[in-house]
Amino acid sequence: MKELDNDVFLVALGKQFEKTKTKGTVYITMKRFAFEKKRQLKRELGNMPTEDELSNPDFDYPCLIRAVCGNEKMSTKVLPENTDKFLEKYAIITRAHMDSLKKKEKTKKAKKVKIDASSLQTAN
């Protein structure tokens, strides 16, 4: 998996969207990147940190973003101070490629016949 710069990642993501315009899928995942913090706490404590120790509000975690298209994988790390700029650029790219999304196929359901209480009484 290639770790790219934020701008290079966005350009490559746009190219992946273009490649999959007719056929294919791009999977994107975003998660908190706590590896460096875990490694630091493991050195200090001597064992793996618990979730409570990782949820320190004083520490800003970077965001790890991954994109997978077929066998091609790439990722980038977005620092907290760059998050707003990155998400604005990401939103522009995703909006530009929204036209290649497929509409959800609706299944035809049989219409349910409503039965009145009065029609039940007349049948008896």
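User: Which residues is Q16 in contact with, leaving aside its neighbours within four places in sequence?

Analyst: In this predicted model, Q16 is in contact with V26, A67, C69, E72 and M74, once neighbours within four places in sequence are left aside. Contact here requires heavy atoms within 4.5 Å. Q16 itself is in helix α1.

User: Why is Q16 called buried?

Analyst: The cut-off for buried is under 20% relative accessible area. Q16 has 1% relative accessibility, so Q16 counts as buried.

User: How far apart are Q16 and V68, in sequence and in space?

Analyst: In sequence they are 52 residues apart, and their C-alpha atoms are 8.9 Å apart in space. For the protein, among contacts between residues at least 6 apart in sequence, 66% join residues at least 24 apart.

User: How do you know that the span of α1 agrees with its number of residues?

Analyst: Helix α1 covers residues 6-19, which is 14 residues. The expected span is 1.5 Å times one less than the number of residues. That gives 20 Å for α1, and the end C-alpha atoms are 20 Å apart, so the two agree.

User: Which residues of α1 are buried, and what do they pack against?

Analyst: N6, F9, L10, A12, L13, G14, Q16 and F17 are buried in α1. The buried residues of α1 pack against the strands β2 (27-32), β3 (63-69) and β4 (72-78), and against α4 (83-96).

User: What makes the largest nonpolar core a core, and which residues have the most contacts inside it?

Analyst: A nonpolar core is a set of buried residues of nonpolar types, such as Leu, Met and Phe, joined through side-chain atoms within 4.5 Å. The largest one has 14 residues, and F9, L10, L13, M74 and F86 have the most contacts inside it. Two or more residues come from each of α1, β3, β4 and α4. The largest share, five residues, is from α1. In soluble globular proteins, nonpolar side chains tend to be buried together.

User: What does F86 touch?

Analyst: Leaving aside neighbours within four places in sequence, F86 is in contact with N6, F9, L10, I65, T76 and V78. F86 is one of the buried residues of α4.

User: How do you know that the buried residues of α4 are on the same side?

Analyst: The buried residues of α4 are F86, Y90, I93 and T94. They cover an arc of only 95° around the axis, which puts them on the same side of α4. On the other side, D84, K85, E88, I92 and R95 are exposed. The buried residues of α4 pack against α1, β2, β3 and β4. As for its span, α4 has 14 residues and reaches 20 Å from first C-alpha to last, close to the 20 Å expected.

User: Why is T76 called buried?

Analyst: With a relative accessible area of 0%, T76 falls under the 20% cut-off, and therefore T76 is buried. T76 lies in strand β4.

User: What does the side chain of T76 reach, and which residues does T76 touch?

Analyst: The T76 side chain reaches the backbone oxygen of L4 at 2.9 Å. Not counting residues up to four places away in sequence, T76 touches E3, L4, D5, N6, F9, C63, L64, I65 and F86.

User: How many helices and strands are there, and what share of the protein is buried?

Analyst: There are five helices and four strands, in the order β-α-β-α-α-β-β-α-α from the N terminus. Buried residues make up 25% of the 124 residues.

Key
Residues are numbered from 1 along each chain as its sequence is written. This is a predicted model: local features need pLDDT of at least 70, side-chain atom pairs count only at pLDDT 80 or more; totals for chains, interfaces and linings use all residues. Side-chain values use heavy atoms; hydrogens and water are left out. Buried means under 20% relative accessible area, exposed over 50%, partly exposed in between (1.4 Å probe, protein chains only). A polar contact is a pair of N or O atoms within 3.5 Å; within protein, one must be able to donate a hydrogen and the other to accept it, and residues adjacent in sequence count only if both atoms are side-chain atoms. The arc is that of the directions from the helix axis to the C-beta atoms.
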